[in-house]
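Visitor: I would like a close look at the charged side chains here, and then at the rings. Please go slowly and say what each term covers.

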Amino acid sequence: MSKAREFKNYREVVVGAVSELAREHEDIVFLDSDLSSCITSTSFEKEFPDRFINCGIAEANMAAVAAGMSAAGLTPFIHSFGCFASRRMYDQVFLSIGYAKRCVHIIGSDPGITAQYNGGTHMPFEDIALYRQIPDFIVIEPSDGESLYELTKQVYAAKKNSYIRTPRKGVAFRYDEGTKFEIGKGIELKDGKDVAIIATGAVMVDNAMEAYEILKKDGINATVVDLHTIKPLDAELILKVARRTGHVIVCENGRYAGGVGEGIAAFLAKNCPVKMDFMCVWERFGEVGNLSYLKEAFGFTGSHLASMCKEIIK
């Protein structure tokens, strides 16, 4: 059994990956913002008490502390809810980490509607757009536990700053043990010729696979791409599926402005103009509810995506 499958939810998977790295590399430290129980970084603290710091509810300060630790030769992984890991500490991340060329890995948990009952104030729809603006930053949003575990380990090996976007609760395993993942290389799950669905993250890849099955019954063959790396974009794969199908729908659990869809649209406008549509958050804030309710409220369902595919083909 792979190590990722030892864990019961995404938060344990990502902390488990960092803990495995820490056993092999003494430079790794973990900083949390008084959310240890929320992300289960208490397990890291128990195993490495001298390499864990609870920075309290002071996320901007945590980013600055991490930058200083990086300057001293350490490699910090830091965590907060995605809303705080983006909006609240953005200036410190941009300047003290990005501009200063320090190496820090940021875990932003509960992105988009996965914040559920924490509500609109805690739903980061704009975190993708913010982190895409920082030069030389890796941005990943894996869609299952296996890819989350392996790609978290890979960001350390890449020796570049990174933003890891992940839910906390529940976990799915769509990939077999031993599947090879590579930062910057998406995975083509289905290779249909009629429409290409490019999705990022667990919520949207699940929707894409559900839509694929609905479309298949109606004689429509869809391509499905798991774009686990948002930055850098897999330009080669995106160009391939756009040329094959002539119709592209980009799905993200975040805002269009500055997001994955806008980035892909800009790339294809220059290199391969095709008909496009977008499943995303437009001009609205989040709200309180469970995941099933929120998926319906925001139109993030497989049936809605299938309808979008039929419309763009028509």
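Visitor: How many salt bridges does a search of the whole structure find?

Guide: The search finds 20 salt bridges, where a salt bridge is a side-chain nitrogen of Lys or Arg within 4 Å of a carboxyl oxygen of Asp or Glu. This is a predicted model, in which local features need pLDDT of at least 70 and side-chain atom pairs count only at pLDDT 80 or more, while totals for chains, interfaces and linings use all residues. Residues are numbered from 1 along each chain as its sequence is written, and side-chain values use heavy atoms, with hydrogens and water left out.

Side chains of opposite charge can pair when their charged atoms come close. Helices (H or I, at least four residues) and strands (E, at least two) are DSSP runs, numbered from the N terminus.

The two partners can also be described by relative accessible area: buried means under 20%, exposed over 50%, and partly exposed in between, with a 1.4 Å probe and protein chains only. Glu20 is buried because its value is 7%, whereas Lys3, at 43%, is partly exposed.

A second salt bridge joins Arg284 to Glu287, with the closest N and O atoms 3.1 Å apart. Arg284 has a relative accessibility of 31%, so it counts as partly exposed. Glu287 is also partly exposed, because its relative accessibility is 24%.

Some salt bridges share partners, and in this way Lys3, Glu20 and Lys153 are joined into one network. In another salt bridge, Glu311 meets Lys314 at 3.4 Å, N to O. Lys314 counts as exposed because its relative accessibility is 75%.

Arg284 leads on to the rings. Its charged end sits over the ring of Phe298, 3.8 Å from the ring centre. A charge sits over a ring if NZ of Lys or CZ of Arg is within 6 Å of the ring centre and within 35 degrees of the ring normal. Lys159 lies over the face of Tyr156, at 3.8 Å from the ring centre.

Rings also pair with one another. Rings of Phe, Tyr and Trp (its six-membered ring) pair if their centres lie within 6.5 Å; planes under 30 degrees apart count as stacked, over 60 as edge-to-face and the rest as tilted. By this rule there are 15 aromatic pairs. Phe30 and Phe52 are stacked because their ring centres are 6.2 Å apart and their planes are at 20°. Phe30 is in strand E1 (residues 28-32) and Phe52 in strand E2 (residues 52-54), so this pair links distant parts of the chain, 22 residues apart. Phe30 has 0% relative accessibility and therefore counts as buried; Phe52, at 9%, counts as buried too.

Phe44 and Phe48 make a tilted aromatic pair, with 4.8 Å centre to centre and 45° between the planes. Both Phe44 and Phe48 are buried. Elsewhere, ring pairs link Tyr90, Phe94, Tyr131, Phe137 and Tyr163 into a cluster.
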